[in-house]
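The sequence and structure are shown first, and the description follows.

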Amino acid sequence: MKRVLIKIEMSGMAIPRRDLLDSSMYSSFYSVQATRGCPFNCEFCTVTAFFGQEFRTRPVEEVIEEIKGLDTKEFFFIDDNITGRAVFSKKLFKELIPLNRKWGGQTTLNFAKDDELLSLYAKSGGRYAFIGFETLSDENLRKISKSWNSPDGYREAIKRIHGVGINIVGSFIFGLDGDGPDVFEKTYNFIMENKIDAAQFHILTPFPGTKLYDDMVKDDRITDHDWSKYHTGEVVFKPAKMTERELQEGYWWIFHKTYEMKNVLRRSLRSPRGLAYRIGTNLSYRRKARKMPYVMT
């Protein structure tokens, strides 16, 4: 059966009845969505399968009204790319400034190239940015259709983002076809050298609906169809340049290494500005790391 994507109208969206929920059950309770869709089509990503490639936006005034109604000073934009349409984002951020709120969101490194957008992100209360670096390999980026991202520009973009006071939570994927067993140490060194404030790690996972899944089914590379394991923390396919065990243990190793207390402090103490956010975020990931099997180097 052919899958049909039905796109909802972005104006007049219902405001969630947060009062019906127990906020203590959620690690991130106050979330707001301003946009849907993504013009990119990275082969591993589920965003276009759910929301399509057309980038759609809510009316700025409706987003602002929802934020005004939150009984908190801090919230998170759950948009897959809150800076995906610069004209819209700049208008939204300008309207946010008088509200004196603090927030975080998901974005790409591209926003660091626009001085006005970068400045408004920070001035409007943007304290941290979740950014998908994915990999340090140009070969991998081409393979996953994310060649618009370039490792050559990573370091300068990080400096620019840090320069306006925005913390970075970097996301990295392991198990791409260009990854060998050395990818974990290389990535760890990059994180520490550039003082990326916190990092999130994922094992490549072929989610149904993505090109990655279709390709792996065709090549008979999927080894486990137990959907409870499709959470980016377990190996469910045959890697190209390492064993399944090397991929799994490398994932555990980099989580433990990145969140050793001495490394948490090295990154967190890079600046007094935003220190509380860095400490809080790192301790949260450290708790996650300590639940994983420890792997000796």
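## Terms and model

A residue is called buried when its relative accessible area is under 20%, exposed when that area is over 50%, and partly exposed in between. The structure described here is a predicted model.

## Salt bridges

Glutamate 249 has a relative accessible area of 27%, so this residue is partly exposed. Its salt-bridge partner is arginine 245, with the closest N and O atoms 2.9 Å apart. Both residues belong to helix H9 (residues 244-258), where they are four residues apart, about one turn of the helix. Arginine 245 counts as exposed because its relative accessibility is 61%.

A network of salt bridges with shared partners joins Lys90, Lys94, Asp114 and Glu116. Within this group, the side chains of lysine 94 and glutamate 116 meet at 3.7 Å, N to O. Lysine 94 lies in helix H3 and glutamate 116 in helix H4, so this pair ties together parts that are 22 residues apart in sequence. Lysine 94 is partly exposed at 44% relative accessible area, and glutamate 116 is partly exposed at 39%.

A further salt bridge links lysine 211 with aspartate 215, with 2.7 Å between the closest N and O atoms. These two residues are four residues apart in helix H8 (residues 211-218), which means that about one helical turn separates them. The count of salt bridges comes to 17.

## The nonpolar core

The largest nonpolar core contains 74 residues, and those with the most contacts inside it are Phe77, Leu92, Leu96, Phe133 and Phe201. Helix H7 (residues 183-193) gives the most to this core, with six residues. Phenylalanine 133 touches residues that include Leu109, Leu141, Tyr154, Ile158, Phe172 and Phe190.

Strand E4 (residues 74-77) pairs with E5 in the parallel sense over four bridges. Phenylalanine 77 stands opposite glycine 105 in E5. Strand E5 (residues 102-107) is mostly covered, with five of its six residues buried.

In helix H3 (residues 86-96), the buried residues are Phe88, Ser89, Lys90, Leu92, Phe93 and Leu96. They pack against several elements, among them E4, E5 and helix H4 (115-123).

## The segment before strand E1

Tyrosine 26 lies in the segment before strand E1 (31-32). This tyrosine is partly exposed, with a relative accessible area of 40%. Together with Leu20, Leu21 and Met25, Tyr26 makes a nonpolar surface patch of about 460 Å².

Tyrosine 30 is also placed before E1. Its contacts beyond four places in sequence include Arg18, Leu70, Glu74 and Phe76.

Notes
Residues are numbered from 1 along each chain as its sequence is written. This is a predicted model: local features need pLDDT of at least 70, side-chain atom pairs count only at pLDDT 80 or more; totals for chains, interfaces and linings use all residues. Side-chain values use heavy atoms; hydrogens and water are left out. A nonpolar core is a set of buried Ala, Val, Leu, Ile, Met, Phe, Trp, Tyr and Cys residues joined through side-chain atoms within 4.5 Å. Buried means under 20% relative accessible area, exposed over 50%, partly exposed in between (1.4 Å probe, protein chains only). Contact means heavy atoms within 4.5 Å. Patches are made of residues with over 30% relative accessible area and no salt bridge: like charges are joined within 9 Å, nonpolar side chains (Val, Leu, Ile, Met, Phe, Trp, Tyr) within 5 Å. Accessible areas come from the Shrake-Rupley method with a 1.4 Å probe; for residues, only the protein chains shown count as cover. A salt bridge is a side-chain nitrogen of Lys or Arg within 4 Å of a carboxyl oxygen of Asp or Glu. Two strands pair if DSSP finds at least two bridges between them.
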